[in-house]
Amino acid sequence: MKSIIQKDYDSCFLCGTHYWLEEHHIFGGNPNRKKSEKYGLKVKLCHFCHSEPPFGVHFNQERMLKLHQIGQRAFEKKYPDKDFLKEFGRNYL
């Protein structure tokens, strides 16, 4: 499914660059990665914002929490009939 968060999938969601883009599933791990795919909870990030310390979301808890909160809000807006906590097991707000 296409992202319900990011309309411009040609740039990094965090810094805006157009280079070395990678897809990031907002909620990772099993089974949440599959659920992120199912519900469109993904964004494009450049390699540095995605996977490089200290600012890459996989190394930076503050940035990861920000994306989790954005993802939860987007899910609740798009799927008001579904319970986020039941689907993903945690409230990030």
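The side chain of Gln6 has a polar atom 2.8 Å from the backbone oxygen of Ser11. In this predicted model, the side chain of Gln6 also places a polar atom 2.9 Å from the backbone oxygen of Asp8. Both distances are within 3.5 Å, the limit for a polar contact between N or O atoms.

Gln6 belongs to the segment before strand 1, and that strand covers residues 21–25. The relative accessibility of Gln6 is 7%, so Gln6 counts as buried. The cut-off behind this label is under 20% relative accessible area. Apart from residues up to four places away in sequence, Gln6 touches Ser11, Cys12, Phe13, Val43 and Lys44.

**Salt bridges**

The count of salt bridges comes to two.

| Pair | N to O distance |
|---|---|
| Glu23 and Lys42 | 3.7 Å |
| Glu37 and Lys42 | 2.7 Å |

Glu23 lies in strand 1 and Lys42 in strand 2 (residues 42–46), so this pair, 19 residues apart, links distant parts of the chain. Lys42 is also the partner of Glu37 in a salt bridge. Through shared partners, salt bridges join Glu23, Glu37 and Lys42 into one network.

Which member of this network is buried? Lys42 is, because its relative accessible area is 5%. Glu23 has a relative accessibility of 32% and therefore counts as partly exposed. Glu37 has a relative accessible area of 29%, so Glu37 is partly exposed.

**Lys35**

Lys35 is part of helix 1, which covers residues 32–39. With a relative accessibility of 22%, Lys35 counts as partly exposed, because buried means under 20%. Which residues does Lys35 contact, leaving aside its neighbours within four places in sequence? They are Glu87 and Phe88. The C-alpha atom of Lys35 is separated by 9.1 Å from that of His25, and these two residues are 10 residues apart along the chain.

Note on methods: Residues numbered from 1 in each chain as written. Predicted model: local features only at pLDDT ≥ 70, side-chain atom pairs only at ≥ 80, totals over all residues. Heavy atoms only, no water. Helix = DSSP H or I, 4+ residues; strand = E, 2+ residues; numbered from the N terminus. Buried < 20%, exposed > 50% of the residue type's maximum accessible area, 1.4 Å probe, protein only. Polar contact = N/O pair within 3.5 Å; in protein donor to acceptor, adjacent residues only side chain to side chain. Contact = heavy atoms within 4.5 Å. Salt bridge = Lys/Arg side-chain N within 4 Å of Asp/Glu carboxyl O.
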